Amino acid sequence: FGEHTVYEQADFEVRFRLSGQRTNLVIAASGSPVQEGDWQVYRLEAARNFALSVSDQYEVLEGEAGGVKVYSYAFPFHRQAGQRVLETTLQALSLYSELFGDYPREQLSAIEADFLDGMEYEGLFFLSEGFYNLHTGLPADYLSAIAAHETAHQWWYARVANDQALEPWLDEALCTFSEIMFFEEFYPADAEWWWSYRVDAYNPQGRVDSSIYETESIRGYINAVYLQGVRFLTELRRTTGDEYFIEALRNYVHKHTNQITTTENFLSEFSPYDLSVIKTKYFSE
């Protein structure tokens, strides 16, 4: 259960051409193309991967945060939900840039997908149409939470990578923790809802540092890696205090940008503190 790929960075050049009578297709991709004759050419440097999605159904909304273009691609019957995704992504991008360090690319795209769950890529992420179907019109719902989560993957996965099979908590727990930081910043009245709906309702158990091969169900994997992970990070935050905790995250990003990192790398940022009790509670021996 979970992603099993580990991407080193690479430079991508993707040449893409649409042929035939279809002229109404919209392309969402990890970057912006340059037109070279009949070809649209995408160049993406120092990236984990390159992704694109093509549809004749997308309606595109756009905004800007700190000089970064943000695009929301949604189906016509989800226009309001697409607007919520755009607003959430803009807010999260601004917050995470301030907390963790600047977002290094010129654009970020959020795409409604006709498959389950969300999925992160370099400069782009997918959100399941199921989240759009459930959108209440308010920020306190799953669509907002997962949009904030997937935006955070541009730091915890794209900028600082990890072994998603053996140490998935290093991106997934940090992205889940980024969700509550998003709600604390922009919708503090909904922070209690987030804890109740997103975490406590599942009574999560399990070891934070579980690999994708160790759990017997997708729910068990999420409970251990994501939800126990966010509980661990919350206790770590309380132990160190906000100022040290945020500075440690920034230092971690600065030191390991463009690298594939490890649990040891992360915990070393908190070496002045005795974490033995917390580690015993949440980690394998």
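User: How do the residues of the lining of the second largest pocket divide by class?

Analyst: A lining is read by sorting its residues into classes. In this predicted model, the lining of the second largest pocket has three nonpolar, four polar and four charged residues. The residues are S30, G31, S32, R43, L44, K69, Y71, P104, R105, E106 and Q107. The pocket holds about 230 Å³ of space.

User: Which strands each supply at least two residues of that lining?

Analyst: Strand 4 (39-47) and strand 7 (68-74) do.

User: What volume does the largest pocket have, and which residues are closest to its centre?

Analyst: Its volume is about 330 Å³. It is lined by 18 residues, and D117, G118, I218, I222 and Y226 are the closest to the centre.

User: Which element gives the most to the lining of the largest pocket?

Analyst: Helix 6 does, with five residues.

User: Next, helix packing. At what angle do helix 6 and helix 7 cross?

Analyst: For a helix pair, read the distance between the axes together with the crossing angle. Helix 6 (residues 218-240) and helix 7 (residues 242-256) have axes that come within 6 Å and cross at roughly 120 degrees. Angles from 65 to 115 degrees count as roughly perpendicular and those over 145 as roughly antiparallel, so helix 6 and helix 7 are oblique to each other.

User: Which residues make the contact between helix 6 and helix 7?

Analyst: On the helix 6 side they are L233, L236, R237 and T240, and on the helix 7 side D242, Y244 and F245. The classes in this contact are four nonpolar, one polar and two charged.

User: Now the backbone. Which residue has a phi near 150 degrees, and where does it lie?

Analyst: For a positive phi, check the residue type, then the location and the accessibility. Y157 has a phi near 150 degrees, a positive value in a residue other than glycine. Y157 lies in the loop between helix 3 and strand 11 (161-162). Its relative accessible area is 4%, and the cut-off for buried is under 20%, so Y157 is buried.

Terms used:
Residues are numbered from 1 along each chain as its sequence is written. This is a predicted model: local features need pLDDT of at least 70, side-chain atom pairs count only at pLDDT 80 or more; totals for chains, interfaces and linings use all residues. Side-chain values use heavy atoms; hydrogens and water are left out. Axes are lines fitted to C-alpha atoms, for helices over the stretch in contact, and angles run from 0 to 180 degrees between N-to-C directions. Helices (H or I, at least four residues) and strands (E, at least two) are DSSP runs, numbered from the N terminus. Angles under 35 degrees count as roughly parallel, over 145 as roughly antiparallel, 65 to 115 as roughly perpendicular and the rest as oblique. Contact means heavy atoms within 4.5 Å. Ala, Val, Leu, Ile, Met, Phe, Trp, Tyr, Cys and Pro count as nonpolar, Asp, Glu, Lys and Arg as charged, and the others, Gly among them, as polar. On a 1 Å grid over the protein atoms alone, a cavity is a set of points where a 1.4 Å probe fits but cannot get out, and a pocket is an open set with protein on both sides within 12 Å along at least five of seven lines; lining residues have an atom within 4 Å of a point. Grid points are joined across faces, edges and corners, and a volume is the space filled by probe spheres set on the points. Buried means under 20% relative accessible area, exposed over 50%, partly exposed in between (1.4 Å probe, protein chains only).
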